[in-house]
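Open the model in your viewer and switch to a cartoon view.

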Amino acid sequence: MAVITIKNITKQFGTTNAVDDVSVSSREGEFLVLLGPSGCGKTTLLRVIAGLEEPTSGEILIGGRDVTD
């Protein structure tokens with residue numbers, strides 16, 4: 001399983017920040033859980049990681065390879 005590193009990800013929809021400067025890193029074989037109230041950006045962050053949404057800024061590394069675009 002590859003290490004996932006999220007560096008300073010921001011996702012804006014118009015003037016609204018759905019995800020604001022999030023940085024997170026997983027370790028080899030680690031499970032990561034996102035918890036938070038409704039509307040805090042959990043799904044948007046997962047959509048950005050999956051490549052379904054393009055981040056406004058920041059970078060995503062999977063196994064050390066930049067997959068942001």
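Select Leu61 first. Leu61 stands opposite Asp66, a residue of β4. Keep in mind that this is a predicted model.

Now widen the selection to the two strands here. Take residues 57–62 for β3; two bridges join β3 to β4. The two run antiparallel.

Next, show the whole sheet. Four strands form it, in the order β2-β1-β3-β4. The sheet is open, and its pairing is antiparallel. Colour the edges: β2 at 16–25 and β4 at 65–66. Each of these edge strands pairs on one side only. Strands of a sheet pair through backbone hydrogen bonds, either parallel or antiparallel.

Move to the loop between β2 and α1. Select Ser26, which is found there. Is Ser26 buried or exposed? Its relative accessibility is 9%, so Ser26 counts as buried, the cut-off being under 20%. Show what surrounds it: leaving out residues up to four places away in sequence, Ser26 touches Ala2, Val3 and Ile4.

Stay in that loop and pick Leu32, also found between β2 and α1. Leu32 has a relative accessible area of 49%, so it is partly exposed.

Select Val24, Leu32, Leu34 and Leu46. Together they make a nonpolar surface patch of about 310 Å².

Technical notes:
Residues are numbered from 1 along each chain as its sequence is written. This is a predicted model: local features need pLDDT of at least 70, side-chain atom pairs count only at pLDDT 80 or more; totals for chains, interfaces and linings use all residues. Side-chain values use heavy atoms; hydrogens and water are left out. Two strands pair if DSSP finds at least two bridges between them. Patches are made of residues with over 30% relative accessible area and no salt bridge: like charges are joined within 9 Å, nonpolar side chains (Val, Leu, Ile, Met, Phe, Trp, Tyr) within 5 Å. Accessible areas come from the Shrake-Rupley method with a 1.4 Å probe; for residues, only the protein chains shown count as cover. A salt bridge is a side-chain nitrogen of Lys or Arg within 4 Å of a carboxyl oxygen of Asp or Glu. Buried means under 20% relative accessible area, exposed over 50%, partly exposed in between (1.4 Å probe, protein chains only). Contact means heavy atoms within 4.5 Å.
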